[in-house]
Amino acid sequence: MFGADGALAEHLPGFTHRAAQQQMAEVVAEALTSGRHAVIEAGTGIGKTFAYLLPVLLLRRRAIISTGTHTLQDQLFGRDLPLLGAVVGRPMEVALLKGRSNYLCWHRLDAALRDGTRDAATVAALGALETWGKTSDSGDLTELEDLADDHALRTQVTSTVDNCLGRDCAFFDRCFVLEARRRAQAADVVIVNHHLLLADLALKDSGFGELLPGTDAVIVDEAHQLPDVAQQFFGWSVGTRELETLLRDVYAEARGVGALAEVDAAQSAVGRAIVALRAAAGRPEGRTPWIAAPAALRDALPEAAGALETLADALEPLAEQASLKNCRERCLAAAARVREITVVDPSEGLRWFDLAAGSVTMHWTPLDIGAELAARIEAQSGVWVFASATLAVGADFSHFRHRIGLATALETVLPSPFDYERNARLYLPQGLPDPSDEHYVDTLLALTWRLVEAAEGGAFLLFTSYRALQRAERWLEGRSTPGRVLVQGRGSRSELLKQFRADGNAVLLGTGSFWQGVDVRGRALRLVVIDKLPFAVPSDPLVQARAEAIRRAGGDAFHELQLPQAVLALKQGVGRLIRDFDDRGLIVLGDPRLRTRPYGATFLASLPSMPVIDDFHAALQFAASLAGDAVAEPAAAVASS
């Protein structure tokens, strides 16, 4: 199938044979036939989607494909599976299942239309949604180009697990979410995201059953994201935004049945409790360990719980209405979480709170979700295949396997087929101060800016903190630049990337979200500068708690947690540069600890093999050669997904 003269080459114009792609397919096939789970690091350019999809189709396995991004979901559904289905030559039912926030909820829309407090423009928009919903087969709001993900109307016309009425809903037989799940249950292959996969494993969407009873295989693509998603999923939270939404729903539903007077006093009490929680949280914004929570916040919690329970009592006589019964249940559940946060056993998980503009959220997060996730994987009974470009530290998968609770698995590291030796250079600047030095960012930029100028832009400047990014932005003020300067936070990520590609010589300053999941092929990106090794912030309460748990168990928190996490994060950042066979580029790693600390060798050994240069003039010469490259269009090879 994968050979130079095989079926893929015969049927798909532009297909090229890749030994690593064929090897990955063989590992997946072995997993599916032997019943063993598999963990595969597949470097960029291998074409991993074909490598795991084709064995599934040829062996006629029913499968769930879980991804970390909507982009990959759409690629699998709209391109890869139809192409491979034609090659295999058999009809195949494929379903793309999205989260609830993507589907129109008839009950929520009806409540919004009956609200009576909306302005004329909002009423008109709701009416247009109703008209569209009556003609839509899927109810998928992503079909509406003028209704962005962050549009204010979305939360008003979509359901959540908490506010869904399930079988008590008057619109149950017309439910778009239910219909999407029915299609999924009848499909051979279902494409979901990691959140939906975990929800299905935990059976949290009560009333809708499992996705694929008797699934033969679960393929987890972009698997490096799964442990963090699972850690969020198996925890719980309660916050002022959630309570504000609950109050709005109580008001709308009570108004709809003419019962506002019965709940008015109790609603007002909850409103005052919300204001008190926000005021008590204080400053600064960000994550804070529970032990550092202000006394005023702790003192305000019992009052908030009591107000919610009083509102639940006020709703009890109205509970024959399904919507108000749901509101009452949400009040009681929120009150229980508010009380629980003050007494939960700290040895079982981490309590912390997150303060953002105008809101405060209290969280409980399990320290180790390995056992929890392992139990879900075992209960599913099928074979699991985990694939990503960044799962191993060197050739060691133990860190990833521990986080997902997998004792053993078929394991393989497949390097990228891209020619890093010829097309890339790794420059390690000499003489930089310690990364903790106040002037470190300025010194790094003074050195590397000459490289940016020599390359005529086309650069990502990636930082490990917003503070460093902001300092870099100040350093650039008033300087002439080869192209536009784009800064994370000055627009959506997709819009910034669109501008970056269109400019061709732009300089983009980014942190966090630009280290992974960003694909810029061709000449537009030819230089990546990374300021420091991406160790997690030691003061982050989640990092502190996980490190402390490892130490209590007699382990080494640095080597078991902080180092492997940083190695995987660096691999993601470096992976932004070479995205196609013709791409050329220079990577600059500014952190002097790569040379001065023993662990520096671990980082370097985990990166793609490429020439390492220490001499600035050699780096400058290579950067200048990038400026003269012809514009390179992305390769047309079908397998480069």
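# Working chat on a predicted model

Q: This is a predicted model, and I'd like to start with L76: what is L76 in contact with, leaving aside its neighbours within four places in sequence?
A: In this predicted model, L76 is in contact with T49, Y52, L53, I65, T67, L81, P82 and I191, once its neighbours within four places in sequence are set aside.

Q: And where does L76 sit, in which helix?
A: L76 has its place in helix 4, which covers residues 70–88.

Q: Is L76 buried or exposed?
A: L76 counts as buried, because its relative accessibility is 0% and the cut-off for buried is under 20% relative accessible area.

Q: How far is L76 from R546, C-alpha to C-alpha?
A: The C-alpha atoms of L76 and R546 are separated by 35 Å, and the two residues are 470 residues apart along the chain.

Q: Changing topic to Y420, where is that one found?
A: Y420 is found in helix 17, made up of residues 420–423, and Y420 is buried, with a relative accessible area of 6%.

Q: What does Y420 touch, not counting residues up to four places away in sequence?
A: On that count, Y420 touches I578, P608, S609, M610 and P611.

Q: And how far apart in space are Y420 and D583?
A: From C-alpha to C-alpha, Y420 and D583 are 9.3 Å apart in space, while in sequence they are 163 residues apart.

Q: OK, strands now. How many residues of strand 1 are buried?
A: Strand 1, residues 38–42, is mostly covered, with five of its five residues buried. Both of its faces are covered, with A38, I40 and A42 buried on one side and V39 and E41 buried on the other.

Q: Which strands does strand 1 pair with, and in what sense?
A: Strand 1 pairs in the parallel sense with strand 11, residues 410–414, over five bridges, and also in the parallel sense with strand 10, residues 383–388, over four bridges.

Q: What about the open sheet, what is the order of its strands?
A: The open sheet has four strands in the order 6-9-8-7, and their pairing is antiparallel. Strand 6 (236–239) and strand 7 (286–289) stand at the edges with a single partner strand each, so one side of each is left without a neighbour in the sheet. From one strand to the next, the twist averages 25°.

Q: How many bridges join strand 7 to strand 8?
A: Four bridges join strand 7 to strand 8 (residues 349–356), and the two strands run antiparallel; the bridge partner of G286 in strand 8 is L355.

Q: Which helix packs on that sheet?
A: Helix 12, residues 260–281, packs on the sheet and touches strand 8 and strand 9 (359–366), and its direction makes about 80° with that of strand 9.

Q: Last topic: what volume does the second largest pocket have?
A: The volume of the second largest pocket is about 390 Å³. Its lining has 20 residues, of which L350, P541, Q544, A545 and E548 are the closest to its centre.

Q: Which elements give two or more residues to that lining?
A: Those elements are strand 8, helix 21 (541–552) and helix 22 (557–574), and the largest share, eight residues, comes from helix 21.

Q: How do the lining residues divide into nonpolar, polar and charged?
A: The lining of the second largest pocket divides into 12 nonpolar, four polar and four charged residues.

How values were computed. Residues numbered from 1 in each chain as written. Predicted model: local features only at pLDDT ≥ 70, side-chain atom pairs only at ≥ 80, totals over all residues. Heavy atoms only, no water. Buried < 20%, exposed > 50% of the residue type's maximum accessible area, 1.4 Å probe, protein only. Pairing = 2+ DSSP bridges. Axes fitted to C-alpha atoms, helices over the stretch in contact; angles between N-to-C directions. Contact = heavy atoms within 4.5 Å. 1 Å grid on protein atoms, 1.4 Å probe; cavity = no way out; pocket = protein on both sides within 12 Å on 5 of 7 lines; lining within 4 Å. Points joined across faces, edges and corners; volume = space filled by probe spheres on them. Nonpolar A, V, L, I, M, F, W, Y, C, P; charged D, E, K, R; others polar.
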